[in-house]
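Here is a short briefing for a first look at a protein model. Please keep the sequence and the 3D view at hand.

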Amino acid sequence: MTEENKSNIYVTQPFLPDLKEFIPYLEQIWKNKILTNNGPFHQQLEDELCKYLGVKYISLFSNGTLALITALQALKITGEVITTPFSFVATTHALWWNNIKPVFVDIEPNTFTLDPDKIEAAITPSTTAILPVHVYGNPCYVDEIEKIAKKHSLKVIYDAAHTFGAQLKGHSLCSFGDLSILSFHATKVFNTFEGGAIVCHNQKMKHHIDNLKNFGFRGETVVEEPGINAKMNEVQAAMGLLQLKHVDCVIDRRKWVTTEYRKRLKNIKGITFLEEIKDVNHCYSYFPILVDSHKYGITRDELYQKLMNKNIFSRRYFFPLISQFPSYKHLESAQAENLPIAEKVANEVLCLPIYSEMKVGELERIVEILVK
Ligand code: T4K
């Protein structure tokens, strides 16, 4: 087969169950004519997700970004928030949309998450919260972050967009902090086409969040506060219920892909990747490698291009750093000398394709190019 005829391989592809399995859900929606506003599938998905994730309260959202923006509103966060530059841009944009100043702190090299040893130096009288990211599903240093937050009376909101199904010491990764947000975007381990959620720890907060995502309504005529419309609809919720039936299998398949990559790439000089992390049940949402151009012989960008020439579309998540984008690069904390590890990782990282239906032949096509 010529190269042009070989099918494209993207960084990911969504898991889609057999369409026949989805039809009964659609028939139900057509029958009861409830399309949104806390319908029966929405309620059922909240219940089932609480059980699956082992969390007490969850509020569904139309996407992860609105969940983040609303989480900051729910806790009335203002002033400055300490966050990581090594994430998808939505993490910091959520602060900007709340008129909050992001303060970037460097990551540490073993998990690529916020370095807890560097947080305290960034705290000022205006700091009100910490917004760390369990990037690629790698757990943040939750104990250390909690200690710092307690000491300085700060709130903690975890961006847990990459963590669906992941656990730390038997606890769901989205159960830490004051609030955690999830994304159920098409590219995630668990998807509802688009979607998201906030996990919280008490009923009062859940009510508050549910009101905020529904214009601030409490009942039919009372508007308690200026809310937004960020509700998940019934088709999304139905998709979630169906995905839940398959998600263990999806994670298992992703584990297989990860294990194969690790086996086949382990002896390539200049290519490194993270191994299993102690006490973590991973969800295998991404497979990032680091390319050391001196040892490997070509740069990360050259490898990215080489793969692309063979119709393999890896991604440089997360390059450039959020702190490099025009809206943020003027900030003092955004300067490169403040973020040496994040700079290095962003310049070397490449996320290889990973999805549950990846075939051995596809994996071999990718590995062959990396091996040279
Ligand atoms: N926090 C973090 C840490 C996040 O990573 C994200 C989102 C958020 C917050 C915000 O959550 P959401 O508001 O999105 O729920 C993608 C996703 O759009 C985004 O959800 C995700 N993070 C980010 C890491 O990746 P792009 O621009 O790279 O996606 P795109 O469209 O280029 O898709 C990548 C590949 O996936 C495509 O080349 C092909 C494949 N694909 C994609 C879609 C959308 C499909 O096969 N089918 C599809 O429907 O941002």
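The points below cover the domains, their interface, the ligand site and some backbone features.

This is a predicted model, in which local features need pLDDT of at least 70, side-chain atom pairs count only at pLDDT 80 or more, and totals for chains, interfaces and linings use all residues. Residues are numbered from 1 along each chain as its sequence is written, and side-chain values use heavy atoms, with hydrogens and water left out.

**Domains**

- The chain splits into domain 1 (19-105 + 112-244) and domain 2 (247-371). These bounds come from an automatic or database domain assignment.
- The centres of domain 1 and domain 2, taken over C-alpha atoms, lie 25 Å apart.

**The interface between the domains**

- In domain 1, 36 residues are in contact with 34 residues of domain 2. Contact means heavy atoms within 4.5 Å.
- About 3,000 Å² is buried between domain 1 and domain 2, and carbon and sulfur atoms give 69% of that area. Buried area is the accessible area (1.4 Å probe) that two parts lose on being put together, summed over both.
- Phe104, Tyr136 and Val189 lose the most area on the domain 1 side, together 24% of what that side buries.
- The count of salt bridges between domain 1 and domain 2 is 0. A salt bridge is a side-chain nitrogen of Lys or Arg within 4 Å of a carboxyl oxygen of Asp or Glu.
- Polar contacts across this interface number 13 residue pairs, with both residues at pLDDT 80 or more. A polar contact is a pair of N or O atoms within 3.5 Å; within protein, one must be able to donate a hydrogen and the other to accept it, and residues adjacent in sequence count only if both atoms are side-chain atoms.
- On the side of domain 1 that touches domain 2, the elements giving two or more residues are α4 (90-97), β4 (101-104), β7 (167-168) and α7 (234-265). Helices (H or I, at least four residues) and strands (E, at least two) are DSSP runs, numbered from the N terminus.
- The largest share of that side, 4 residues, comes from β4.

**The ligand site**

- Around the ligand there are 26 residues, of which Thr65, Asp159, His162, Ser183 and Tyr317 come nearest.
- A side-chain N or O atom of threonine 65 is 2.6 Å from an oxygen atom of the ligand.
- Serine 183 places a polar side-chain atom 2.7 Å from a ligand oxygen.
- For tyrosine 317, the distance from a polar side-chain atom to a ligand oxygen is 2.5 Å.

**Backbone features**

- Phenylalanine 318 sits in the loop between β16 (312-313) and α10 (340-348).
- Phenylalanine 319 and proline 320 are joined by a cis peptide bond, with omega about -10 degrees. Proline 320 lies in the loop between β16 and α10.

Technical notes
Near = heavy atom within 4 Å.
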